[in-house]
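Thanks for coming, everyone. Please have a look at what is on the screen, and then I will walk you through a few of its features.

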Amino acid sequence: MKKLLLAGVTIAMMAAPAFAQTYKFAVVPKAMNNPFFDVARDGCMKRAKELGNVECIYKGPIEHEPATQAQIIQDFITQKVDGLAISVADVASMTKSIEAATAAGIPVITFDADAPGSKRLAYIGTNNKDFGVALGKQLLQLRPEGGKYAMVSGGPGAKNLAERVDGVREALKGSKWVEVQGSPTFCNDDSALAVQQMTDLRTATPDLAAIVPVGGWPMFAPEGFKAFVNKNKKDIDSGKLTLVVADTLKMQLELLRDGYSNALTGQRPFEMGEKSMDTLLAIKKGQKVPEVIYTGLDLVTKDNVAKLLK
């Protein structure tokens, strides 16, 4: 009887599935006070829960500070996380951080903002040149007669933002649109500063016909953005000032619906978060992954904003 019991225990142990390994993947945004990255975080958390054997750890600088981002990544290297997904605030400093992580055996991918010359294994996000071109084309469609325009950007060391600026210029090349001196301004992902820079641009060039923020920063401070628009509402309503803004977070869609901008070009940060978990897990399983995974764009005007808000 004892032998039978032992045999039964042995068979049960052989039949029991081995515990699946749990992977800890860190998602490092440029800044945690930027609501764009909150959406990427939500996508990451949702997908990690669905996968079951993945934990999404979301941590970055509170504000746009490349040095702090580098330190956070070093901490994750010390903690020996199983993978890193980074939105690159500064290409030069992040290239070094990515090299350090790779040397420690930690696979690195980028999302939202890339460092293509680094040892990262994949980039997930927007084709930023196309993004800028789309912004420029939206402006050209709204105001083919042209005029003076200015752009608001984020960090000067962010390659993705430089590509968007180049894309806007490419789309408007040969048109009647002329970029003013001092454009683009750099708000370093500071929403309040982005609104102030829009005000400063309008003050410096009273006949400024368009402002194109290549990120959603000014709208991420909705009250300040509404105050700017209300101050210039006469010119906006008459078509003398046009606002074409990047990103399509819910607050931005609501502002567009309520007449506080003319058009939006949106990315898909939730999908970036989801695909970051899928890609890092595939790498850990030894699977080959695409080097570049584009997540697409959404073009929004007053004609289709209600559909996106459903």
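This is a predicted model: local features need pLDDT of at least 70, side-chain atom pairs count only at pLDDT 80 or more; totals for chains, interfaces and linings use all residues.

Let me start with a question: which element gives the most to the lining of the second largest pocket? It is helix H11, with 3 residues, where helices (H or I, at least four residues) and strands (E, at least two) are DSSP runs, numbered from the N terminus.

Residues are numbered from 1 along each chain as its sequence is written, and side-chain values use heavy atoms, with hydrogens and water left out.

Now to the pockets and the cavity, which come from a 1 Å grid over the protein atoms alone: a cavity is a set of points where a 1.4 Å probe fits but cannot get out, a pocket is an open set with protein on both sides within 12 Å along at least five of seven lines, and lining residues have an atom within 4 Å of a point. Grid points are joined across faces, edges and corners, and a volume is the space filled by probe spheres set on the points.

The second largest pocket, with which I began, has a volume of about 160 Å³, and its lining is made of Val39, Thr248, Leu249, Lys250, Gln267, Arg268, Pro269, Phe270 and Glu271. By class these are 4 nonpolar, 2 polar and 3 charged residues, where Ala, Val, Leu, Ile, Met, Phe, Trp, Tyr, Cys and Pro count as nonpolar, Asp, Glu, Lys and Arg as charged, and the others, Gly among them, as polar.

The largest pocket has a volume of about 270 Å³, and the residues that line it include Leu142, Ile236, Asp237, Thr301, Lys302 and Asp303. Its lining divides into 3 nonpolar, 5 polar and 3 charged residues.

How many cavities of 30 Å³ or more does this rule give? The count comes to 1, and about 100 Å³ of space lies in the largest cavity. Of the 14 residues that line that cavity, Asn34, Phe36, Asp112, Arg164 and Trp217 are the closest to its centre. Helix H2 (35-51) and helix H6 (159-172) each supply at least two residues of the lining, and the largest share, 3 residues, comes from H6.

Let us turn to the sheet. It is an open sheet of 6 strands in the order E2-E1-E3-E4-E5-E12, with parallel pairing, and two strands count as paired if DSSP finds at least two bridges between them. Strand E2 (54-58) and strand E12 (292-294) stand at the edges with a single partner strand each, so one side of each is left without a neighbour in the sheet. From one strand to the next, the twist averages 20°. As a reminder, strands of a sheet pair through backbone hydrogen bonds, either parallel or antiparallel.

Finally, some local details. Val178 is found in strand E7 (residues 177-179), and it touches Gly147, Lys148 and Tyr149, not counting residues up to four places away in sequence. Pro184 lies in the loop between E7 and strand E8 (185-186), and the peptide bond from Ser183 to Pro184 is cis, with omega near 0°. Asn188, in the loop between E8 and helix H7 (191-204), has a positive phi of about 55° although it is not a glycine.

Terms used:
Axes are lines fitted to C-alpha atoms, for helices over the stretch in contact, and angles run from 0 to 180 degrees between N-to-C directions. Contact means heavy atoms within 4.5 Å.
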